[in-house]
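Please find below a short note on the model under review.

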Amino acid sequence: MQAGDRVRVDDGDVTNEGVLLPSTTSDHLVVKLEGGYNVGIDREDADVEVLESGVRDVGEEGDGGDEEVAGEASEITFDPELPTISLISTGGTIASTVDYRTGAVTAQFDAEDVLRAVPDLAGRANYRGRVVANILSENMEPPIWQDLAEAVREEVAAGADGVVVMHGTDTMQYSASALSFMLDSPVPIVFTGSQRSADRPSSDNVMNAVCAVEAAKADHAETLVCMHATPSDDACALHRGTRVRKNHTSRRDAFETVGAKPLGLVDYETASEDGADGEAAETAITWNREPAPRGDADEGVTAHPDLAGDVELVKFTPGMDPAAWDYLDGKDGVVIEGTGLGHVHTDLIPRIEELVENGTTVVMTSQCLEGRVCDRVYDTGRDLLDAGVVEAGDTLPGTAKVKLMWALANADNAADAMRRNLAGELTEESQPWR
């Protein structure tokens, strides 16, 4: 009995029939039922009958993962005709399983386990799996961004034609921003994840993974986030890493490009038809704007991974006590989410002026989802500029924090860098697009 076998399991008065899945413990069996849900069964009480033997071989050239073959281990073979895609795992729901002891979803699988769990990836590329972290994304920290940047640099140096980063969705936009500033890559870097775990029939992990691989094979050199474009399984949107935001807690199409259409779309049906035999991804992708072209992979990735760690993102709210910002004293940088055009209560302006005088770079962004700050319209804004606040235009607040961390460590003048577009985070002019 092995993972991939079709089994019937009698457990007292209950009989379950389905496909045996890998288990995270030695005490339980995990069976995927016909309806798509998984059940956990105590091995000690289970009477198991193998109805059909077989697992998918994800490395079988050109089979697209549809043919079942005998054997316990899935082998990942090399086809010189296919591009090489590096799958880098940091954890998250796309690389998670259910702990049937607690019922919780936990990060468990490494990159190659995910490849075996998504047989639709077979025949699209040669794959290399690498684990940088095995965490849920709320536990992501800047040092892991640096580890991730180094892993991408090494993978491209070793011959990867593209990189797919599997990441939890809650902080994916921060990590995508970080790599956008830290790396100048000649090949695509594509972040993807899933809003719903693989044990749920509505899971988005397969489609997101397939579309991300196709995007990583395509002719561009962008750092992108690839996630569902609509609630249906029809297309994935390609968002520039510095302009994307997760705007819903649970929808499959939770991610949006702020202030514009996504950079591109991957048609899932076309990707499924064309990608499984190794053909180029270009027929599946429609670009709304011209992406950065691929560079010379032999020249490798230029990396500037240094970060200033002592940067805070703070949100102004009406009635805020100025003393609430006392902890900001001595910080290298502060990004403020101001109101509207970039304002705070006038009572806070002396605190900001004090921070600037003591060497803290203070950057202003807006709580509004679209549009840019402009502190030249009202008296409050002019007072903020006189206090030394740096306007960040229409840079998203989270992106501005990451950018300021990078700019303080790498730019000759961090304030000047915050006013300039470095990685597509800042548009020259905000215009309505709908």
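1. In this predicted model, Val225 is in contact with Met172, Ala176, Phe191, Ala237, Leu238, His239, Val244 and Phe255, when residues up to four places away in sequence are not counted.

2. Val225 also belongs to the largest nonpolar core, which has 46 residues. Together with Trp145, Val152, Leu179, Met182, Leu183 and Phe191, Val225 touches the most other members of that core. Two or more residues are given to this core by each of β11 (126-135), α2 (142-157), β12, α3, β14 (189-192), β15 (223-228), α8 (397-410) and α9 (414-419). Helix α2 provides the largest share, namely 7 residues.

3. The axes of α2 and α3 come within 10 Å and cross at roughly 55°. This angle falls between the roughly parallel range, under 35 degrees, and the roughly perpendicular range, 65 to 115; α2 and α3 are therefore oblique to each other. Their crossing is right-handed.

4. Which residues form the meeting of α2 and α3? On the α2 side they are Trp145, Gln146, Leu148, Ala149 and Val152. Their counterparts in α3 are Tyr174, Ser175, Ala178, Leu179 and Met182.

5. The side chain of Ser175 also makes a polar contact of 2.8 Å with that of His167. His167 is located in the loop between β12 (162-166) and α3 (172-182). His167 counts as buried because its relative accessibility is 0%, the cut-off being under 20%.

Note on methods:
Residues numbered from 1 in each chain as written. Predicted model: local features only at pLDDT ≥ 70, side-chain atom pairs only at ≥ 80, totals over all residues. Heavy atoms only, no water. Helix = DSSP H or I, 4+ residues; strand = E, 2+ residues; numbered from the N terminus. Buried < 20%, exposed > 50% of the residue type's maximum accessible area, 1.4 Å probe, protein only. Polar contact = N/O pair within 3.5 Å; in protein donor to acceptor, adjacent residues only side chain to side chain. Core = buried A, V, L, I, M, F, W, Y, C linked by side-chain atoms within 4.5 Å. Contact = heavy atoms within 4.5 Å. Axes fitted to C-alpha atoms, helices over the stretch in contact; angles between N-to-C directions. Parallel < 35°, antiparallel > 145°, perpendicular 65-115°, else oblique. Left-handed = near helix turned anticlockwise from the far one by under 90°.
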